[in-house]
Amino acid sequence: MSRPSATLFSTLAVRGALESEVLPRLRKTFDVAASFDPTSVLVNRIDAGERPDIVVAVSDALDKLRQRGVVTARSAVARTGIGVGTASGAVAPQISTVPELVHALRSAQSVAYSRSGASGLYFAGLLDRLGIADDINRRATIIDKGFTGQAVVDGRADLAIQQISELAFIDGIKIAGPLPEAVQHYTDFGAACFTGSAAAARDILRELTSEYARSAYRRAGLDC
């Protein structure tokens with residue numbers, strides 16, 4: 001007997017938990033095809049006409065999709081802040097205060113961040129507010145999308161900025177810590193079914209927000 005099938009769009013922040021724990025459990029019952037991208041890229045794909053059955057994304061983006069009648073009401077998934085990552089064998093910089101963070105960023109040969117992810121968009125604005133954008137960006141490794149920690153692993157950068165759960169996804173990355181609370185930015189993630197999605201989508205949505213899934217999210221560095 002064939003398993004009910006469904007397609008899932010997911011933001012990168014929960015990819016580690018989904019791929020390692022949640023999806024293997026789901027795929028015992030459902031045939032789930034998953035695609036991972038930053039929320040802004042997922043929204044662009046949806047605007048271009050793609051229609052998965054379920055989407056996990058930044059909650060604000062889901063609310064806007066619901067206002068347009070594209071998705072049903074969202075369910076809360078997890079929350080995370082932005083962190084700083086370095087190579088696992090490197091000495092982690094002190095970043096517990098804003099002056100320490102500024103010193104660490106200015107001392108780095110290159111800082112990696114994403115131009116499309118929620119953390120990268122926030123960080124670009126933070127550099128402006130701190131008055132160090134020109135100094136950091138002339139040496140920065142700015143990626144279109146994906147995991148910034150990979151730029152540290154392959155030697156293009158010595159610091160990576162991203163959601164803490166995304167930094168934790170990359171082998172060879174050590175999390176130096178979260179951004180100082182005075183400049184920290186938290187992102188809430190939710191899940192929703194698309195209007196007219198397959199019947200299996202509602203069952204999958206319940207699994208994505210179950211206590212089992214929340215435990216997996218916490219192990220991946222997210223708050224629930």
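Thr 209 touches Ser 75, Ala 76, Val 77 and Arg 214, with residues up to four places away in sequence left out of the list; contact here denotes heavy atoms within 4.5 Å. In this predicted model, local features require pLDDT of at least 70 and side-chain atom pairs are counted only at pLDDT 80 or more, whereas totals for chains, interfaces and linings use all residues. Residues are numbered from 1 along each chain as its sequence is written, and side-chain values rest on heavy atoms, with hydrogens and water left out. Thr 209 lies in the loop between H9 and helix H10 (211-219), helices (H or I, at least four residues) and strands (E, at least two) being DSSP runs numbered from the N terminus. With a relative accessible area of 17%, Thr 209 is buried; the classes are buried under 20% relative accessible area, exposed over 50% and partly exposed in between (1.4 Å probe, protein chains only).

Helix H9 (residues 200-208) contains both Asp 203 and Arg 206, which are three residues apart and thus separated by about one helical turn. Their side chains meet in a salt bridge (2.1 Å, N to O), a term applied to a side-chain nitrogen of Lys or Arg within 4 Å of a carboxyl oxygen of Asp or Glu. Asp 203 is partly exposed at 32% relative accessibility, while Arg 206 is exposed, with a relative accessible area of 52%. A salt bridge (3.2 Å, N to O) also joins the side chains of Glu 19 and Arg 15. These two residues are four apart in helix H1, a separation of about one helical turn. Glu 19 has a relative accessible area of 36% and is partly exposed; Arg 15, at 23%, is likewise counted as partly exposed. In total, the structure holds 16 salt bridges.

The protein chain is divided into domain 1 (5-79 + 187-220) and domain 2 (80-183), with bounds that come from an automatic or database domain assignment. The centres of the two domains, taken over C-alpha atoms, are separated by 26 Å. Contacts between them involve 14 residues of domain 1 and 12 residues of domain 2. The size of an interface is often given as the accessible area lost when the parts come together. Between domain 1 and domain 2, the buried area (accessible area, 1.4 Å probe, lost by two parts on being put together and summed over both) is about 1000 Å², of which carbon and sulfur atoms give 58%.

Five residue pairs, both members at pLDDT 80 or more, are in polar contact between domain 1 and domain 2; such a contact is a pair of N or O atoms within 3.5 Å, where within protein one must be able to donate a hydrogen and the other to accept it, and residues adjacent in sequence count only if both atoms are side-chain atoms. On the side of domain 1 that touches domain 2, helix H1 (15-26), helix H2 (39-47) and strand E10 (187-193) each supply at least two residues. H1 gives the largest share of that side, three residues. The residues of this side comprise seven nonpolar, three polar and four charged, with Ala, Val, Leu, Ile, Met, Phe, Trp, Tyr, Cys and Pro counted as nonpolar, Asp, Glu, Lys and Arg as charged, and the others, Gly among them, as polar.

One salt bridge is found across the interface of domain 1 and domain 2. The side chains of Asp 37 and Lys 145 meet in a salt bridge of 2.9 Å, N to O. Arg 45 forms a salt bridge with Glu 50, the closest N and O atoms being 3.1 Å apart. Arg 45 is buried at 19% relative accessibility, whereas Glu 50 is partly exposed at 34%.
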